[in-house]
Amino acid sequence: MTRPGIAFLGGAASRLLPASIPFRFFGAAAVYHLAAWIALLAGARDVPRFAGGLGWPLAALHLVTLGVLVMTAIGASLQLLPIATRRPVGSHRWPAAIWWLYTPGVAAVALGMGLPAPSLLGAGAVAVCVALIGYGALLARNLAGASGMPVVIAHGSAALGALVVVLVTAISLAGAYLGVDLLGRGMALALHGTFAAYGFMGLLALGLSYILVPMFALAAAPDERQARISLALAVAALLLAAAAAAGFAPRPLRIAAVGAGAGAVVLHWRLMHIALRTGMRRNPGRSVRLMQIAWALLAASLAAGLGLAMDAPFGGMSALFGVLLIAGWLLTFVLGVLQRIVPFLASMHRAPGMRLPPTPSSLTAERPLAIHFVCHLAALALLAAAIVAGSPWFAAAGALSGAAGAIAFGSFLATVRRRMSAPGGTAVYPDARAG
Amino acid sequence: MNAAATGPQAQGRRWVAADGIHIDVRGLPPPGPLVAILELVESIADATPVIVHHERDPQMLYPELAEIGWAAQRIDGDPGEFRLKLVRAA
């Protein structure tokens with residue numbers, strides 16, 4: 001006879017990865033989040049006019065992209081996609097092995113860039129690339145058998161295509177520091193930045209939004225046709241940017257790419273706005289406010305990209321573009337999503353002895369999130385001011401504010417992890433078939 | 001007895017039977033089932049149970065139900081069906 005209550009979520013639990021897997025990715029992301037702001041503080045002098053090259057600003061950039069954004073994307077997608085696609089990840093060893101390879105690889109890449117130490121950077125790049133190939137294979141296998149979410153599958157597939165470009169160009173860029181320049185630094189750099197931020201991470205963010213935002217707002221699924229048009233415009237923008245990077249009419253194609261990207265963003269915005277306006281939950285909270293700010297900064301990044309394409313006479317345009325795109329759009333968006341889904345996922349992973357899921361609101365920690373909200377936005381504003389004013393002091397203040405926000409966010413994650421592990425639970429709702 | 005779906009988000013087929021209000025959300029794309037079920041549950045003022053006819057275990061539903069004071073228990077359904085009974089928690 002099945003024990004009362006235990007069988008109730010038996011099927012659910014079997015499709016969930018063990019909590020230790022997504023939470024090790026989220027925990028590493030929290031650590032690298034703080035490390036990124038510390039690296040930025042170390043390189044504050046160079047931030048206002050940063051335009052590439054080894055050093056602590058580049059290390060900070062990759063601690064955010066690899067350490068926070070991709071780390072979170074791996075943990076969240078391996079946990080959420082199998083639920084939505086109705087296909088399990090398969091072996092639990094693969095995600096764990098990816099973490100063990102990827103996490104030290106990111107540290108090696110960041111240290112190799114910051115110190116700088118090209119051989120360490122090269123070793124870290126190899127580890128990160130191998131781990132991401134493994135992740136890409138897991139993601140591809142899961143998406144290949146998915147049903148019921150064609151728009152998300154299409155975005156995920158396009159993101160995987162972008163990941164291939166990101167990995168090839170990453171190897172080329174890391175190799176150049178070791179004397180092996182495969183693609184040429186200019187082209188590799190242009191492709192790498194565009195396909196990493198707007199391609200791999202951007203398309204994953206837009207695609208998962210079609211599930212997450214309606215779920216947060218309790219709204220109907222967005223219009224599939226418009227979502228597909230938005231994706232087509234985004235992919236067209238990436239292809240135009242790739243052609244420009246390869247040297248075909250660079251300025252007109254870059255401007256066209258920004259135009260196509262803007263069209264994609266406007267359509268996506270519209271669909272998200274409809275979901276938020278028509279949903280049952282009219283006040284979706286601080287997490288959605290962060291996501292809304294992130295969408296606005298995504299549009300601002302395109303405006304800065306247009307400024308770059310038109311050779312705007314401002315020496316800090318590259319740095320401003322990077323801050324708007326990476327910290328403004330992607331980091332703000334991911335932190336907004338993470339603070340919402342972590343208590344939700346924790347609720348799905350009941351602690352031993354609990355027969356009902358604890359409510360997400362009982363697992364979350366509002367005060368650290370409120371502190372993070374203020375510190376994160378202040379950090380963005382200070383970084384923008386640092387670039388406009390050419391002031392390293394503003395950059396340092398922004399990094400300190402960001403670090404304070406990262407500590408608060410880490411405190412939130414630790415609180416959720418502790419609360420979800422606490423044994424308890426009183427109510428019993430047995431599986432009716434068991435009795 | 002069939003009951004027409006109402007409200008801006010309502011989807012799925014609803015009907016009333018002796019054991020409660022039934023909702024069939026099979027075939028709806030995510031997050032349609034979640035939204036349809038929660039919309040129905042939140043419209044119920046008394047202790048009437050809700051019987052959900054689903055094609056899979058709706059994992060995302062349980063935390064949302066817990067948040068509004070409802071709980072779920074799996075009951076026997078047709079082959080290939082995942083059937084749940086939702087009740088207001090005491």
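The questions and answers below go through selected features of this structure.

Me: How are residues, chains and ligands labelled, and what kind of model is this?
Reply: Residues are numbered from 1 along each chain as its sequence is written, while chains are lettered from A and ligands numbered from 1 in the order in which they are written. Local features need pLDDT of at least 70, side-chain atom pairs count only at pLDDT 80 or more, and totals for chains, interfaces and linings use all residues, for this is a predicted model.

Me: Are helix 11 and helix 14 of chain A roughly parallel or roughly antiparallel?
Reply: Helices (H or I, at least four residues) and strands (E, at least two) are DSSP runs, numbered from the N terminus. Axes are lines fitted to C-alpha atoms, for helices over the stretch in contact, and angles run from 0 to 180 degrees between N-to-C directions. The axes of helix 11 (residues 317-348) and helix 14 (residues 392-421) of chain A come within 10 Å and cross at roughly 10 degrees. Angles under 35 degrees count as roughly parallel, over 145 as roughly antiparallel, 65 to 115 as roughly perpendicular and the rest as oblique, so helix 11 of chain A is to helix 14 of chain A roughly parallel.

Me: How many nonpolar residues does the contact of helix 11 with helix 14 of chain A have?
Reply: Two residues are in contact if their C-beta atoms, placed from the backbone, lie within 7 Å. Helix 11 of chain A contributes A:Leu335, A:Gln339, A:Val342, A:Pro343 and A:Ala346, and helix 14 of chain A contributes A:Phe409, A:Phe412, A:Leu413, A:Val416 and A:Met420. Ala, Val, Leu, Ile, Met, Phe, Trp, Tyr, Cys and Pro count as nonpolar, Asp, Glu, Lys and Arg as charged, and the others, Gly among them, as polar. By class, the contact of these helices has no charged residues, one polar residue and, as the number asked for, nine nonpolar.

Me: At what angle do helix 2 and helix 4 of chain A pack?
Reply: Residues of helix 2 of chain A, including A:Phe25 and A:Tyr32, meet residues of helix 4 of chain A, including A:Trp99 and A:Val106. By class, this contact of helix 2 with helix 4 of chain A has ten nonpolar, two polar and one charged residues. The axes of helix 2 (residues 20-42) and helix 4 (residues 93-114) of chain A are 10 Å apart, and the packing angle is about 5 degrees.

Me: Is A:Ser119 buried or exposed?
Reply: A residue is buried if 20 or more other C-beta atoms lie within 10 Å of its own, exposed if 12 or fewer, and partly exposed in between, with C-beta atoms placed from the backbone. A:Ser119 is placed in helix 5 of chain A, where A:Leu121 and A:Gly124 are among the buried residues. Because A:Ser119 has 11 C-beta neighbours inside 10 Å, A:Ser119 counts as exposed.

Me: At which residue does helix 7 of chain A bend?
Reply: Helix 7 of chain A is mostly covered, with 29 of its 33 residues buried. The bend at a residue is the angle between axes fitted to the seven residues ending there and the seven starting there. For helix 7 (residues 185-217) of chain A, the bend is about 45 degrees, at A:Ser209.

Me: Which peptide bond is cis, with omega near -15 degrees?
Reply: Most residues other than glycine have a negative phi, and most peptide bonds are trans. A:Pro116 lies in the loop between helix 4 and helix 5 of chain A. The cis bond, with omega near -15 degrees, runs from A:Leu115 to A:Pro116.

Me: What is the phi of A:Asp311?
Reply: A:Asp311 lies in the loop between helix 10 (286-309) and helix 11 of chain A. A:Asp311 counts as exposed, with 9 C-beta neighbours inside 10 Å. Although A:Asp311 is not a glycine, its phi is positive, at about 55 degrees.

Me: In what order do the elements of chain B run?
Reply: Chain B comes to two helices and six strands. From the N terminus on, their order is β-β-β-α-β-α-β-β.

Me: Is B:Trp70 buried or exposed?
Reply: B:Trp70 lies in strand 5 (residues 70-75) of chain B. Not counting residues up to four places away in sequence, B:Trp70 touches B:Val41, B:Leu65, B:Leu86, B:Val87, B:Arg88 and B:Ala89. With 21 other C-beta atoms within 10 Å, B:Trp70 is buried.
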